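User: I am new to this structure and would like to learn how its features are read. Please take me through them one at a time.

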Amino acid sequence: QDHVQETMLFDLDSDPEERTNLADHLPNVVADLRAEMMVIRDARPPQQKFWMTIDREREWRSTLKPGNCSNYPEFEEADECWFIHPWIETEDQLAQVEHDLVDG
């Protein structure tokens with residue numbers, strides 16, 4: 001699924017409610033800010049894997065595990081009961097994860 005993200009640029013002094021997007025009117029400012037963001041991004045240290053997560057847009061449903069909710073009366077009418085993937089406490093447990101991790 002492709003997501004198109006609109007570039008937004010606001011003059012917060014004159015437009016504190018962010019009602020007027022100036023990105024299309026100031027492409028040089030947008031280009032300069034993007035270049036600065038890339039410098040900052042490229043200078044970041046690598047993210048520790050134990051802080052990373054799955055790509056939720058692509059793989060969220062596949063990480064859910066079927067379970068038994070019979071001990072929870074509020075779910076007694078549910079056809080299915082699903083749990084999120086178990087917590088990964090240590091980096092050596094990462095080998096058990098079948099999904100690609102992303103900087104979430």
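User: Where does Glu80 lie?

Analyst: Elements are read from DSSP runs: helices (H or I) need at least four residues, strands (E) at least two, and both are numbered from the N terminus. In this predicted model, Glu80 lies in the loop between strand S2 (65–66) and strand S3 (82–83). Glu80 and Gly67 are 13 residues apart in sequence, and their C-alpha atoms are 7.9 Å apart in space.

User: Is Glu80 buried or exposed?

Analyst: Buried means under 20% relative accessible area, exposed over 50%, and partly exposed in between, with a 1.4 Å probe and protein chains only. Glu80 counts as exposed because its relative accessible area is 51%.

User: On what basis are the residues numbered and the values computed?

Analyst: Residues are numbered from 1 along each chain as its sequence is written, and side-chain values use heavy atoms, leaving out hydrogens and water. As this is a predicted model, local features need pLDDT of at least 70 and side-chain atom pairs count only at pLDDT 80 or more, whereas totals for chains, interfaces and linings use all residues.

User: What does pLDDT come to along the protein chain?

Analyst: The term pLDDT denotes the predictor's confidence in each residue, from 0 to 100. The protein chain averages 77, and 66% of the residues score at least 70.

User: With which residues is Phe83 in contact, leaving aside its neighbours within four places in sequence?

Analyst: A contact means heavy atoms within 4.5 Å. Phe83 lies in strand S3. Leaving aside neighbours within four places in sequence, its contacts are Thr63, Leu64, Lys65, Pro66, Gly67, Asn68 and Cys69. The C-alpha atoms of Phe83 and Leu64 are separated by 5.3 Å, although these residues are 19 apart along the chain. Phe83 is classed as partly exposed because its relative accessible area is 38%.

User: How many salt bridges are there?

Analyst: Side chains of opposite charge can pair when their charged atoms come close. A salt bridge is a side-chain nitrogen of Lys or Arg within 4 Å of a carboxyl oxygen of Asp or Glu. By this rule the count comes to 2. One joins the side chains of Glu17 and Arg19, at 2.5 Å from N to O; Glu17 and Arg19 are exposed. Another joins Arg41 and Asp42, at 2.9 Å from N to O. Arg41 is partly exposed, with a relative accessible area of 47%, while Asp42 counts as exposed at 55%.

User: Which side chain of opposite charge is nearest to Asp15?

Analyst: For charge, Lys and Arg count as positive and Asp and Glu as negative; His and the chain ends are not counted. Asp15, in the segment before H1, is buried yet has no salt bridge, and the nearest side chain of opposite charge is Arg19, 5.6 Å away. A polar atom of the Asp15 side chain does lie 3.0 Å from the backbone nitrogen of Arg19. Leaving aside neighbours within four places in sequence, Asp15 is in contact with Phe10 and Thr20.

User: What is the phi of Glu18?

Analyst: Phi of Glu18 is near 55 degrees, a positive value in a residue other than glycine. Glu18 has its place in the segment before H1.

User: How many helices and strands does the protein chain have?

Analyst: The secondary structure comes to 2 helices and 4 strands, which run α-β-α-β-β-β from the N terminus on. Of the 104 residues, 13% count as buried.

Technical notes. A polar contact is a pair of N or O atoms within 3.5 Å; within protein, one must be able to donate a hydrogen and the other to accept it, and residues adjacent in sequence count only if both atoms are side-chain atoms.
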